Amino acid sequence: MISNKPTPLEIESELLQALSAEDLEASVSVKESSLGWLTIQVTTNAFEGKPQIEREEKVDTILDLVNLNLGQYPIASYNLLTPKELEDEPSVSIRLPLWSDILDAPDLQQEVGIDKDVPDRPQIVTFYSFKGGVGRSTALGLVGILLAQRNRRVVIIDFDLEAPGISVLLQPDSLDEQKYGVLDYIYQRFLTPEENVPLIEDCIRQVELASRGELFLVSAGDYDENYVHKLAELDRRAWQSFYKRQVNPVKQLLDDIKNYIDPDVILIDARPGFNDTGAVALLDLADTGIVCFSPTDQSFDGLRWVIKAARKQSKYRGKPDLRFLLTPMPALPEDQLSSWISKAEDWITDHWGLPGDINVGELYYKILYNPGIAVLPNLIGAQASLTSDYLPIADAIDASLPEPRNLEPPIVAGNRELILEELTFIASTAQELQAEHIPTIFQRTGDFPKFLRDRTWLIRGAKGTGKSILFRLFVERPNEARELSNDEFGLNDHIFMAGHGQSRLGSSILDSQNLASYEQAVGESSWDVFWLNYALLQLCINCPDLLDITQIDDDLIRFSNQEQLTQSAIISWFVRRTQSPLSVPQAIDDLRIIDLWLNEHNKYVWLLYDELDVGFGSGAESYERRRRALEALLAWWLESGTALKRISPKIFLREDIWSNLNFVNKGHYAGRSLQLKWEESDLWKLVLRQSLQSSSSLSCTLEQDLGLTLERLEIASLDQLRKGLYPLWGERMGSGKKAYTYNWVRTRISDTNENCFPRSLILLLQEAVNRESSFSTQYSPEIVLRPKSLIEAFPYVSEQRVDEVRNEYPELRDFLSRMRDERSPIDETRLAEILSVSGGELSLLIKDMVEAGILKERSRPRDPPPRVYAVAELYLYGLSMKRKGQR
């Protein structure tokens, strides 16, 4: 016999010596943690055909020689395997799913990956908090009710045995008749494992709800003196014994619930802190853990060990996956609230990491403090205004579940391959589109009616939000534009013409080089005269009837009547009129005369201005010229245009350019401007329009099952549109993503300013169709595009969007290239290093990238330098960057 305190090496030697008598190839590994706990792994053919208990008895007989036993300190966990079992299951699980055992377990070099496209049921979701009083049970109860209202069959288990609470919050009518619960079930099977007492049906009660779904409760038990004594007997040794038995009472409880209720989802209310029951609920039973906490340093100190244990267990078993609930968030000013959230995001990224292509915003939810929730006597019948903050949690859980059994979404069974072959998505830029295709591709957004008002003069938006296609529709396809507008406004008496745009639209449109020539000839302060004469020239050329008005200046009529206008001739004419003292008042008179003529003939004119972002060239000098010219254009229309009754401008301008302009009475555009934004319903109408136009098979399916047709798209509800997308891309991104497909897509085609880019959306689908066609394996017959095709298509979309940004902002091209291989978020110190700029130049560059929607500040107002910035998901792949914490 060796010493009373054997070393791991001595234990290995003792075990090998004894086992080698039967198996010369036996192997033993004994690892010691920093706290002195031991993890033992024995692999030998001597275990062949022997049950677990005989293997344990054999090893215990050997360990008795060194005064050790598998079930006692300092042995934390052990694995007794045959060589074949080790080969079949190389990633062995931790034997006891308790805090210390998991933290002491050895790290795996490669984690188990479980990410299924088709979700399992039931999903087990554990709500856990390190500290009490953060609204964990309330959140669980309300989420359970919300899921039941979605026609789910939900079971809630109160596993907070030391301080049960969820039962009181739900108050089922029959609660007073319930004598048994979780503690009774586990305790009795601890004493008499061979007896089926109590019956599972005696532990479950239904909570009455006015909904299609069902909600069941398994309470902790009848809270009396007996309860206290039973709880006292279930110490750590009892939990250890559960996991040595062939039938574990905890697992048996879950199996009985599944067999008796057949639920969609099981929600477990776990004990807070480092408690054994909380460990089992979160680390062993849960597919998903919802970790509830208030983002304070006190919470973070304890939670980091919780997350470390969950992360290690996830490496061994592929679960639990974690999501985080920030609760209760205090009612703070916006900057302070953002500070708390940013701190929580950084902490989650650093400690849990970002699995796969999930971004940090998809890992957490926030609940603002609501006194109405705090004083609720029970959760049944809580008003929607009190439960709305909990909807994203319910969405994430619901997205991890299969479709409700009695709901029948439209399916494409039998037609999948045909639809895939028919589908065609056109992702051309507005400039690339053939004019005849514009009305087919054009999708009216919710902003469209406001655009049609004569008093809407300024149309702002990020590049790629549809300004140019709107311009081209009205200038190049006016008849179709009127047809699309007839529902809101009669525009048959309107004439649409380009005030400025691409030079291919007509010989009277100037290019950037000649705009520069004009300024060089007349100076920097004559742009107001230029826009006046430019408008007159476009009016006379595009509306020849005006040339018969005798009061109009002969010089204007003669010049407009020329058959072949050259760029040099136009510039010379502008310069001459600018330099003539009498030409300006004459031009103002001409404009008023034309306005009167239009009034007499009951006609209106829209002068549409596009290409103002790129029409002045690139580079610092050109951008200054652009600023001067655009400030003059916008100021001139405010000064002169309000007096005109029949002539209105439509000025299309990039949002970041507008924000940097400064001119007198700029604020007066508040009632005359429109900011183009693609709302969710606009995006799905665009997708469905192209899908219905290209695939007759899909069109038949959607009309038959949902009544969706091209003609009815504009009046379809958001819910109808989402369901209409189900045959195309399914409803969920698979259980591992915990996201509805439409949410996953929408977050990835948005920049940091929350602008959604329709072209990126169509590109995503175009590329996903190509990838789906190349897959050799079959997928669900219910949908055309599997989640994998969308996920694999997204990097291409990101690359294309980055290329578009490089073209839109040539001044950023070199700087964007230098961000390759960096991580987001990134601080300004690192940005200064890689971009080779500093001081005011760095500040201006960062400002430009923020306004362009590439960066968003993540640092908090009170944080010391350096400031920290996150890169939009849409640009990460295209910039060859990674997220900080990405696994």
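## Overall picture

A residue counts as buried if its relative accessible area is under 20%, as exposed if that is over 50%, and as partly exposed in between (1.4 Å probe, protein chains only). On that scale, 56% of the 887 residues of this chain are buried. Keep in mind that this is a predicted model, where local features need pLDDT of at least 70 and side-chain atom pairs count only at pLDDT 80 or more, while totals for chains, interfaces and linings use all residues. Residues are numbered from 1 along each chain as its sequence is written, and side-chain values use heavy atoms, with hydrogens and water left out.

The chain has 39 helices and 21 strands. Here, helices (H or I, at least four residues) and strands (E, at least two) are DSSP runs, numbered from the N terminus. How much of the contact total comes from residues 24 or more positions apart? Among contacts with a separation of 6 or more, such residues account for 76%. A contact means heavy atoms within 4.5 Å.

## Rings meeting rings

Next up are the aromatic side chains. Rings of Phe, Tyr and Trp (its six-membered ring) pair if their centres lie within 6.5 Å; planes under 30 degrees apart count as stacked, over 60 as edge-to-face and the rest as tilted. A search of the whole structure turns up 42 aromatic pairs. One of them joins F496 and W606, a tilted pair with 5.1 Å centre to centre and 45 degrees between the planes. F496 sits in strand β13 (residues 494-500) and W606 in strand β14 (residues 604-609), so this pair ties together parts that are 110 residues apart in sequence. Are these two buried or exposed? F496 is buried at 8% relative accessibility, and W606 is buried at 0%.

W573 and F574 make a tilted pair too, with 5.5 Å between centres and 45 degrees between planes. W573 has a relative accessible area of 0%, so it counts as buried; F574, at 1%, is buried as well.

## Charges over rings

Rings can also have a charge over them. That label applies if NZ of Lys or CZ of Arg is within 6 Å of the ring centre and within 35 degrees of the ring normal. Which residue lies over the face of Y604? It's R646, at 4.1 Å from the ring centre. K650 does the like with F451, lying over its face at 4.9 Å from the ring centre.

## Two helices that cross

Two packed helices are described by the angle between their axes and the distance between the axes. Take helix α22 (residues 512-522) and helix α23 (residues 527-542): their axes come within 11 Å and cross at roughly 130 degrees. That angle makes α22 oblique to α23. (Axes are lines fitted to C-alpha atoms, for helices over the stretch in contact, and angles run from 0 to 180 degrees between N-to-C directions. Angles under 35 degrees count as roughly parallel, over 145 as roughly antiparallel, 65 to 115 as roughly perpendicular and the rest as oblique.)

Which residues do the meeting? L515, Y518 and E519 in α22 meet W527, V529 and F530 in α23.

## Helix α24 and its R558

R558 is in helix α24 (residues 554-560). With a relative accessible area of 53%, R558 is exposed. Its C-alpha atom is separated by 8.9 Å from that of L547, which is 11 residues away along the chain.

Now for the backbone. A cis peptide bond joins K319 and P320, with omega about 5 degrees, and P320 is in the loop between α12 (297-317) and β10 (321-329). The bond from P865 to P866 is cis too, with omega near 5 degrees; P866 is in the loop between β19 (855-857) and β20 (868-871).

Two asparagines have a positive phi although they are not glycines: N67, at about 60 degrees, and N151, near 70 degrees. N67 is in the loop between α2 (52-63) and β3 (75-81) and is partly exposed at 48% relative accessibility. N151 is in the loop between α5 (136-149) and β5 (153-159) and is buried, with a relative accessible area of 9%.
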